[in-house]
Every structure is written in structure tokens, then in C-alpha cells.
Amino acid sequence: MTVTETRPTAAGGSPPPNPAQRLTALPAKIAKSPLLARVLFPVFLFLVWELSLIAVEEIWPFAVDVLPTPSEVGAFMWDEFITDTLARKNLYETFFISLRRLMSGFAIAMVLGTAMGLAMGLSRATNAFCHDWTMAILAMPALAWALFNSIIFGFDDRGPILTVILAGIPFVIVNVREGVRNTPRELFDMARSFQVPQSKVIRHVLVPSLMPFMFAAARYCFSIGWKGLVIAEVFGGQDGAGWTIKFWYDAHRAHGVVGYAAFFVIFAILFERLVFEPISRRAFRWRPQLQTEVVEEAFGEHHEHYGEEETARR
Amino acid sequence: MTTTDTTTVETPSAPRVTEEELARRARRSELTSRWFWRILSYIAVLAIWEFALLDIFSFLRGSPLDPKLLPGPSEVVSTFFEIWGEGTMPAAFQATLTRIAVGFGLSFLIGAMIGILMQSKWFEGFFKDAVLISLSAPGLIWVLITAIIFGNRPLGPTIAIILTTFALVTVNVSEGIKALPKDLLDMAKSFRVSVFKRNRQIVIPHLAPYLFTGLRFGFSIAWKVTVLTEVFSSSEGIGFEMRISAVLFDMSEFLTWILAFFFFALFLEKVVLEAIERRYFRWRQAVTAT
């Protein structure tokens with residue numbers, strides 16, 4: 001708004017720089033560019049890591065061999081990458097197992113959660129019935145589900161999958177319910193007065209206006225489900241990503257733990273970049289404004305999801 | 001309470017008194033029905049937990065479960081009083097709460113500082129990936145890394161809490177900064193108000209509600225991570241007790257510990273923090289309402 005107004009005047013006001021000036025200005029421009037800063041961040045991390053290793057060796061009474069060095073971690077990650085591993089299953093198998101569990105839990109949570117969210121958005125009684133329990137499940141730590149399910153189900157797929165469902169479903173319910181509440185009321189009224197059948201109303205009015213909320217729901221459900229899944233696999237799994245990082249932890253290989261943690265981060269970011277961003281770009285192409293909103297929502301995690309809608313509704 | 005737009009009064013021609021009366025009656029019946037369903041839900045869930053949950057889990061599991069594995073609410077309550085009588089609970093609560101206070105306090109400061117630094121494009125680029133990683137990575141990895149490096153030292157959990165929660169504060173702060181009154185800042189700049197003064201007089205008051213939101217969301221994550229760190233690298237606190245009772249397959253103790261702390265944290269989160277927020281930002285809500 002104000003920014004877009006000021007920018008052209010600022011650009012027009014300064015005289016066009018001649019090539020020589022531009023050349024001398026180049027280093028300063030590079031130094032100021034956010035991209036450089038972004039590249040500098042890993043460098044900075046690396047330096048802090050190395051320096052703290054030196055500091056620890058000099059000052060602190062740590063057993064130094066416990067601390068992983070960057071080269072160790074790099075070597076470990078490379079070995080894992082080329083599937084040369086000491087763990088029972090290699091990197092790809094491990095993540096595939098976890099992904100399978102995550103996907104089954106995610107699918108069930110999305111279906112059940114959408115159904116419940118719709119019911120809660122459409123009927124006041126259902127909302128009153130389920131609201132408190134949804135909030136309770138939302139606030140429950142995944143650790144509790146993980147330990148509980150590991151005790152109930154032992155070491156198989158059902159415990160982790162149930163953990164994913166329980167961790168993810170409240171986000172779906174809350175988002176879908178908000179979506180239903182935010183549907184354009186006048187369109188419903190019009191549909192009713194023109195006696196459009198219910199099924200058609202749902203398909204042409206409810207679903208399109210629900211899409212952004214569904215998408216946000218999927219995103220939360222996925223990321224929270226993933227966080228819950230790895231904890232569940234630590235306590236009640238015999239394989240999978242969570243189990244494998246615990247394997248390195250139990251073996252007391254710090255470089256293994258750090259390396260695997262890096263894989264976790266890479267996995268999450270890859271998924272975000274390769275799956276959710278393209279889908280969001282495709283699904284909301286017709287609605288440029290909304291797309292930016294949804295992308296920001298991914299950052300404002302849990303933003304309007306902890307009973308926030310109650311204050312908003314007031 | 002959650003006031004939904006129930007009062008859709010469609011009698012503009014009717015006299016005024018009946019209109020109000022109608023609205024009041026509609027609101028009352030809405031309220032009673034809401035409470036009816038709400039209380040019914042509590043009864044239903046507790047009844048299912050007490051009598052039928054075991055069968056449901058047995059069905060899911062495909063084989064019958066030992067009834068001892070799933071104690072009902074009555075047993076959990078009696079275990080709670082048993083543990084309370086032993087006197088270990090306040091100490092565990094204290095240990096966990098101290099850890100949360102130290103870790104999340106630091107995390108809040110760091111997160112807010114980074115959020116303010118991210119006003120500049122350069123620092124935004126610098127911290128972008130850190131925030132992204134902190135938001136998307138499971139807290140478990142920080143817990144395990146710090147546990148393996150620091151062992152049982154208190155520094156480990158603190159760092160784990162900071163790494164998992166700072167980004168929530170940062171995101172809220174930078175969201176607040178995005179919504180800053182640009183015209184005010186521009187004016188301050190053109191009148192050459194110093195950076196420090198600008199931050200103190202315009203930015204901070206405007207950011208306070210966002211900081212508070214960050215505090216609330218951050219806390220809700222922080223206590224979960226704290227419990228998780230205690231499972232791995234601690235010999236006291238709620239997480240430790242949970243771990244012990246899970247290892248001993250003592251489900252009633254396990255449920256008691258987690259539920260006790262769950263209710264306590266929920267109380268802090270929903271009642272205390274929300275009450276404070278409502279109190280201090282009443283003026284702001286009034287502004288946004290108009």
C-alpha cells in the first residue's frame with residue numbers, strides 16, 4: 001500500500017547510475033542481499049559448531065569423544081545416503097516405512113476429521129457435544145499418546161498409526177469447522193430459497209469455500225502427525241525413522257543422532273516444497289490473494305487453532 | 001462464552017418488547033441446549049472410558065486386553081489421591097515448571113529478538129531457514145541431540161526447549177511487525193525519531209498482543225517438549241514419572257501423571273493466560289470490534 005506508492009518515486013528520484021558506479025556498488029549490493037544472508041546462515045552454524053567444539057575441549061569437562069564433529073556427521077550422512085548403514089534397515093526403507101504409517105494415519109484422520117468438522121460446523125448440538133473433547137485431544141502431548149499406544153498395542157503398526165490419527169485429527173476438525181462457519185451464508189440462503197438439493201449445495205457452495213481450510217488442515221495434520229509418529233516409533237516401534245534415531249541414540253553415536261536429525265529436517269522441508277507448495281499453487285491459482293494467506297498460515301502454526309476462534313467470534 | 005450469532009430475529013414489524021423477549025428466549029434456549037449437550041458429552045465419554053474402552057481397544061488390537069491395562073476414570077482419580085498422599089507430586093510439578101520457566105523464558109526473549117531483527121531484509125534472509133527448521137522439525141530430534149550431548153545436565157532441556165519454541169514467538173512477532181502502522185513509522189522516520197525511541201514508542205505497544213499470542217502458543221508447545229525432555233534426560237519431573245510408570249506398565253499411575261499435568265497446563269494456558277490477555281488487551285479488542 002504505502003510501500004508500493006513510495007517505491008516508484010524513490011526509484012525515479014535517484015539518477016540512473018552509470019556502469020562504473022554500478023560496478024563499485026556491486027559488492028555492497030551483494031553484501032546487503034537477503035540471499036547472501038540465507039547462504040551465510042549455514043556457514044555461521046558451521047562456525048559456531050566448530051568453535052564450540054574447540055571451546056568445549058578447552059574449558060568444559062565433557063567427554064569430548066561424545067561430541068560429533070561436522071566431518072563425522074557428514075560422513076555418516078553420506079554413508080546413509082548410499083545405503084551403507086549399521087542399522088537394520090537403510091535410510092530409504094526406514095523413511096518409506098514411516099511414510100506409509102504417516103500416510104495411513106493421515107488419510108484416516110482427514111476423512112474422520114472432515115466428517116466430524118462438517119457435523120460440528122453444521123449442527124450446534126454436535127458442536128457442543130464434541131468441542132471440549134476436541135480441544136482436550138488437541139492439547140494432549142503426542143508423547144502421551146505414543147506411550148499409551150505403545151503399552152496397549154505393543155510393537156506394531158497400529159500404535160504409531162493411532163498416534164498419528166490422535167495427534168492430527170483435532171486440527172482437521174477445527175479447521176473444517178471454521179471453514180463451514182466461514183462459508184458465505186447468503187449463498188446458502190439463496191440455494192435454499194431456490195430449492196437447490198442439499199447434495200448440490202454441498203458440492204457447489206460448501207466444498208469450494210472449504211478448500212483453503214481443508215488445505216490448511218492437511219498441512220497441520222501432516223506436520224503434527226509426523227512429529228507424533230516419530231515419538232510413537234521411538235517407544236512402540238521396531239523400525240521406522242523414529243526407531244532408527246533412537247537406535248543411534250542408544251548406541252551412543254552422537255553423529256548418528258545429529259545426522260538422522262538432519263534427515264528429518266530435510267524430509268520435512270522436501271515434503272513441504274515438493275508436495276504442499278505445488279498443490280497449493282495449483283489449487284488456489286484462481287484465487288491469488290488466498291494463496292498467500294494460506295502460505296502464511298503454515299508459518300503461523302497453531303495460530304487460530306487453540307480456541308482462538310472463540311475470541312475472534314466474540 | 002462462545003457467542004454464535006444466534007439472534008437472527010426476523011420480526012422487524014413486531015413491537016419492540018416482543019422482539020427483545022424473543023431474542024432473549026432464543027438465547028436462553030440455545031444456552032440450555034448447549035449445556036445439555038456438553039454435559040451429556042462428559043457423561044458419555046467418561047462412561048465409555050469406564051466401561052467400554054477396554055473392549056474397543058481389544059477389538060482394535062485383535063486380542064483381549066488385560067483389564068488392568070486400562071483403568072477407568074474412577075481408578076485414575078483414586079490413584080491421583082494415592083500419589084498426592086505420597087507427596088511426590090508437588091516436587092515433580094515444581095521441577096517441570098522450573099524447567100519450563102527457564103527454558104521458555106529464554107526462548108521467548110531470543111524469539112522476540114530475532115523477530116525484531118527480522119524487520120531488516122538481511123536478517124530475515126539469515127534467520128529464515130532457522131525458523132523454518134524449528135517449525136517443521138519434530139521436537140524429538142532436539143531432545144535426543146541435547147540429551148546425548150549434555151546428558152543429565154540442566155542445560156540440555158533448556159536448549160531443546162529454546163530450539164523448539166523460539167520460532168513460534170518469532171513468527172508471531174514478525175507477523176505483528178507486518179501489521180505495524182506503516183504511516184506512523186514513516187512519520188517518525190521523517191521527523192528523525194531515533195531507532196530506539198521508534199521501537200519503544202510505536203513498535204512495542206503495537207506488538208504486545210502479538211507477543212502475548214506468541215507466549216500462549218509457545219507455552220502450549222513448551223510444556224510438551226519439556227515433558228519429552230524429561231523422559232530422556234532427567235531424573236525428576238512429570239516426564240520422568242511418566243516414563244517410569246510406562247516402563248512398569250502401571251497404566252493407572254501413567255494416566256494419573258499425564259492427566260494431572262495436562263489439566264494443570266490447560267488451566268494455565270486457557271484460564272490464566274487468557275484471563276490476563278482479556279484484561280490487558282480489552283482496549284484493543286474494543287478497537288477491533290468497531
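Visitor: Why does B:Arg99 count as buried?
Guide: Its relative accessibility is 16%. Buried means under 20% relative accessible area, exposed over 50%, and partly exposed in between (1.4 Å probe, protein chains only). So 16% puts B:Arg99 in the buried class.

Visitor: Before we go on, what kind of model is this?
Guide: This is a predicted model, where local features need pLDDT of at least 70, side-chain atom pairs count only at pLDDT 80 or more, and totals for chains, interfaces and linings use all residues. Residues are numbered from 1 along each chain as its sequence is written, chains are lettered from A and ligands numbered from 1 in the order in which they are written, and side-chain values use heavy atoms, with hydrogens and water left out.

Visitor: Back to B:Arg99, then. What makes its pairing with B:Glu236 a salt bridge?
Guide: The closest N and O atoms of B:Glu236 and B:Arg99 are 4.0 Å apart. The rule asks for a side-chain nitrogen of Lys or Arg within 4 Å of a carboxyl oxygen of Asp or Glu, so the pair qualifies. The two ends sit in distant parts of the chain: B:Glu236 is in the loop between α8 and α9 of chain B, and B:Arg99 is in helix α3 (residues 89-117), 137 residues away. B:Glu236 has a relative accessible area of 44%, so that end is partly exposed.

Visitor: How do you know that A:Glu277 and A:Arg273 are about one helical turn apart?
Guide: Both lie in helix α12 of chain A, four residues apart, which means a separation of about one helical turn. A helix here is a DSSP run (H or I, at least four residues), strands are E runs of at least two, and the numbering goes from the N terminus. A:Glu277 and A:Arg273 form a salt bridge, with the closest N and O atoms 3.5 Å apart. At 21%, A:Glu277 is partly exposed, and A:Arg273 is partly exposed too, at 38%.

Visitor: What makes A:Asp156 and A:Arg158 a salt bridge?
Guide: Their side chains meet at 2.5 Å, N to O. A:Asp156 has 25% relative accessibility, so it counts as partly exposed, and A:Arg158 does so at 32%. Over all chains, the structure holds 20 salt bridges. Some join up: A:Lys89, A:Arg100, A:Arg101, A:Asp157, A:Glu233 and A:Asp239 are linked in a network.

Visitor: What is known about how chain B meets chain A?
Guide: The contact (heavy atoms within 4.5 Å) takes 78 residues from chain B and 72 from chain A. The chains bury about 6,900 Å² between them, 72% of it on carbon and sulfur atoms. Buried area is the accessible area (1.4 Å probe) that two parts lose on being put together, summed over both. In chain B, the residues losing the most area to chain A are B:Trp122, B:Phe126 and B:Ile148, together 10% of what that side buries.

Visitor: How many salt bridges run between the chains?
Guide: The count is two. B:Arg38 forms a salt bridge with A:Asp132, with the closest N and O atoms 2.9 Å apart.

Visitor: What makes A:His131 and A:Asp132 a polar contact?
Guide: Their side chains come to 3.2 Å. The rule wants N or O atoms within 3.5 Å, within protein one able to donate a hydrogen and the other to accept it, and residues adjacent in sequence count only if both atoms are side-chain atoms. This contact is side chain to side chain, so it passes. A:His131 is found in helix α6 (residues 124-139) of chain A, and its 12% relative accessibility makes it buried.
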